[in-house]
Amino acid sequence: MSLQREGARTMVFSKWVSLIFILHLFGTMPTLSSSFLTAKELANTSVNFLSDAKSPEVADWMVGIRRKIHENPELGYEEFETSQLIRNELDKMGIPYKYPVAVTGVVGYIGTGRPPFVAIRADMDALAMQESVEWEHKSKVPGKMHACGHDAHVTMLLGAAKILQEYRDNLQGTVVLLFQPAEEGGGGAAKMIEAGVLENVVAIFGFHISHEVPIGSVASKPGLIRAGSGFFEAVISGKGGHAAIPQHTIDPILAASNAIVSLQHLVSREADPLDSQVVTVTKFNGGGAFNVIPDSVTIGGTLRALSTETFMQLKQRIEEVITGQAAVHRCSASVDFLQHYTPFSPPTVNSDDLHEHYLKVAGDMLGVHNLKGIKPLMGAEDFSFFTEVIPGYYFFLGMKNETRKPLASNHSPYFTVNEDALPYGAALHASLAMRYLLEQQPKFQLVEGKVHDEL
């Protein structure tokens, strides 16, 4: 840590200490808040956090953590080694936590143990994909890969924890660290909510690394930011037989093919062009021989919409189309929306108030010219379960470097992480949380006996 940064921090802390001493003389001791700090001093806090995160001690440590996680990817609700690594690091920092939460999740606490409580979240799970990138820290687990950057997300939340723990005596409330399992379709956020992780929490922040946003920049918007999503699987049953005598069969392949074509019309002919929707069939399994018509065919895919109402209408029509087309071709069909395995993810909606907070904090740290706007995306994110319960804010953290070759997109076997982005994510997590506590403290005076003490 440079002498200049240390001096700036000492000046701010000295101001607090002097104020405390004077107030003690007059017998008055209020809770400290950002009202005692100028806008410039708050901005300096964010800048100092980024400087701390970029220091070789912290940055190199984060790179090492991220590579360990990348080498050992684990699918949803199987993140036992990842969870153990997280707990080991929290133990080293002296940060208390709860485990297990929602099977493999970890919930850490930094600060006073008293209100207000603000949460910052990272997802932990990998994807069932074979990594195609040849490098020293390639996945050691066949058929599994961190192809969506969750290894980096965990690392940056640990980095934020390290920074916040250093400043813990000046936190005006409690930061809740949510290490969440099973984001990739497993409904891990919903299970964490069921486990009570949002008790007393008044706001939550999360982000995702982006190969399209430049490094040192962030992108987001208030309001709707990501679609609601779900999955479906249908079994279409007929009567199998020899391909040379189709008149003696009831062909489920023909029925399934017509069902797939009809599903495309739900968006092109039934949806409002200004109300974005997606129906994509990604699975077609049936038959095993060139001259045999099978008894049944299985198809499946995903549905997306930008509102819960539209989503439920689309879900109803998918079932009607599949069963109707099966009947036209003398087949039967059963449709399963797989909610027992992966609950529907609602649309992700950013709080307007937290958007203003994000603009201040990220603008102070990165410069307002590095705050990018985006349009809503049809991709889904189970952070949306949190934003249904409390105000939340989700944004995209840039890792694109124009001087290097383009990065592969999420869920690609060639996906890679630009590790230069790690300090930015850690510092933003820490600064968004700490400054939220400082700025909200006057609104959350503790009423004796009314609030549960987590620590």
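## H208, a buried residue

H208 is buried, because its relative accessibility is 4% (buried means under 20% relative accessible area, exposed over 50%, partly exposed in between, with a 1.4 Å probe and protein chains only). The model is predicted: local features need pLDDT of at least 70, side-chain atom pairs count only at pLDDT 80 or more, and totals for chains, interfaces and linings use all residues. Residues are numbered from 1 along each chain as its sequence is written, and side-chain values use heavy atoms, with hydrogens and water left out.

H208 sits in strand β5, residues 201–214. Strands (E, at least two residues) and helices (H or I, at least four) are DSSP runs, numbered from the N terminus. Leaving aside neighbours within four places in sequence, H208 contacts C148, H150, H153, E381, Y394, F395, F396, L397 and N410. Contact means heavy atoms within 4.5 Å.

## The listed binding site

An unreviewed UniProt entry lists C148, H150, E184, H208 and H411 under "binding site". These residues spread over 264 residues of sequence, yet they cluster in space, with a largest C-alpha distance of 13.2 Å. UniProt positions follow the numbering used here, feature names are shortened, and annotations may be inferred rather than shown by experiment.

H411 lies in the loop between β16 (392–400) and α11 (422–440). H411 counts as partly exposed because its relative accessible area is 39%. Not counting residues up to four places away in sequence, H411 touches L127, M129, A147, C148 and E184.

## The largest pocket

The largest pocket holds about 1,100 Å³. A pocket is an open set of points on a 1 Å grid over the protein atoms alone, where a 1.4 Å probe fits, with protein on both sides within 12 Å along at least five of seven lines; lining residues have an atom within 4 Å of a point. Grid points are joined across faces, edges and corners, and a volume is the space filled by probe spheres set on the points.

The lining has 41 residues, and C148, E183, E184, A380 and H411 lie nearest the centre. Strand β5 gives the most to it, with six residues. By class, the lining has 19 nonpolar, 13 polar and nine charged residues. Ala, Val, Leu, Ile, Met, Phe, Trp, Tyr, Cys and Pro count as nonpolar, Asp, Glu, Lys and Arg as charged, and the others, Gly among them, as polar.
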